[in-house]
Amino acid sequence: MTKPVAWHLCSNRWNSAITEYALSLARCTSQLGFRTVMSGLPNSAANRRAEGYHLEVAPLSDFSLLGLPKFLSLASRLRPELVFVSGGPETVLTRFMASGKVMRFRGQAVDPKRTALSLRHRLAHGHVIHTLVPSPSLARQLDPLTKGGGGIRVLELGIDDQKFFYTSKPRRQPFEVVILGRLDPVKGHEPFIATFAAAQKKLSIPIKLHVVGEPANISVAHLEQVAKDNGLKVGEDITFTAERLSNLAEFLSTSTLGVIPSLDSEVICRVTQEFLLCGVPVLVSGVGSLGDCLYDGAGKSFAGLSDKARVKQLIEAIEQAASEPEEDRQFRAEKAKARFSLEAMAQNLRALLNELNVVNPTEA
């Protein structure tokens, strides 16, 4: 029997969180038995990574209305049962399709109070059967926009638990607080370095800060100077690794505490989920959807706290993380796997498709 087609459209060229979610969705439909096709821009991160996952790729060079004829020609050949769109341009194109149930993924915050935006959203999404979002926070924010444009369903990002998992190796000494992610002002490195410096002076256990990430809109040299200005010794109290690490599971799981100090964004919280899958407790700023990732024993948020209270909370989080037994870390990782793994995302998607009476190849 011919497999039904799940067609994934992603106009995002970069290896962003939006692209990460689109790829996870594609891997889920492949797991569920669909013939899965990824269509991104030629040489885009979406297409390259989809090929790496052994998914079928059909590039689209133009997601504007000028590319509509080629888009419709490909749609006619694929005859998709399901179409997942990850951006505005592809959402518009799918209005002209003759068949296929369309689901729109939204992974960016918007201001629902803007009436013009609401009207434009409803006109562009009238054919969308569901809007998928990665968190309850974004669902609440988007709710006023989606009347007449498909209901909202929360489908959390699934992370590959073959890449991010708990290891039983002992925590690195001295204990390490880790920030993982690109070096960008929005990620909150500067204010957190000051918080860490104040906390370190009051701690009785040896602790260092390890910042891992490639420079984007801020340099390593700048952050090194910020560290020095706060009395930290580079290479001793704080370390910078401006490159991708090959064995992230081991690196994360042997760290003491993961911190996500972002000042904005974080609607899709993949780094938080990666720490938790490795069994590492987290301390998060609470912006975006970060608070939604916390469960009993996962960690804490310092949203709304004063500078003094943040230092106190960081001290408590470090002391607790440094002394917790490995059983706690293993249990944290198991809970994260049940919620944040790619398999969990696939099963949650299966449940949604069953509600919509969509043909599910594994159950046909």
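Analyst: Here are some notes on its strands and helices. This is a predicted model: local features need pLDDT of at least 70, side-chain atom pairs count only at pLDDT 80 or more, and totals for chains, interfaces and linings use all residues. Residues are numbered from 1 along each chain as its sequence is written, and side-chain values use heavy atoms, with hydrogens and water left out.

User: Start with β8. How many of its residues are buried?

Analyst: Six of the six residues in β8 (175–180) are buried. Buried means under 20% relative accessible area, exposed over 50%, and partly exposed in between, with a 1.4 Å probe and protein chains only. Strands are DSSP runs of E, at least two residues; helices are runs of H or I, at least four; both are numbered from the N terminus.

User: Which residues point which way from β8?

Analyst: F175, V177 and I179 point one way. E176, V178 and L180 point the other way. In a regular strand the side chains alternate between the two faces of the sheet.

User: How many bridges join β8 to β9?

Analyst: Six, and the two strands run parallel. F175 has I207 of β9 as its bridge partner. β8 also pairs with β11 (257–260), in the parallel sense, over two bridges. There, V177 stands opposite L257. Two strands count as paired if DSSP finds at least two bridges between them.

User: New topic: α12. What span should it have?

Analyst: Helix α12 (326–340) has 15 residues, so at 1.5 Å a residue it should span 21 Å. The expected span is 1.5 Å times one less than the number of residues. Its end C-alpha atoms are 20 Å apart, which agrees.

User: Which of its residues are buried?

Analyst: R329, R332, A333, A336 and F340 are buried in α12. They cover an arc of only 100° around the axis, which puts them on the same side of α12. That arc is taken from the directions from the helix axis to the C-beta atoms. On the other side, E327 and A338 are exposed.

User: And what covers the buried ones?

Analyst: The cover includes α9, β11, α10, α11 and α13. Contact means heavy atoms within 4.5 Å.

User: Last one. What order do the strands of the seven-stranded open sheet have?

Analyst: The order is β3-β2-β1-β4-β5-β6-β7, with parallel pairing. β3 and β7 stand at the edges with a single partner strand each, so one side of each has no neighbour in the sheet.
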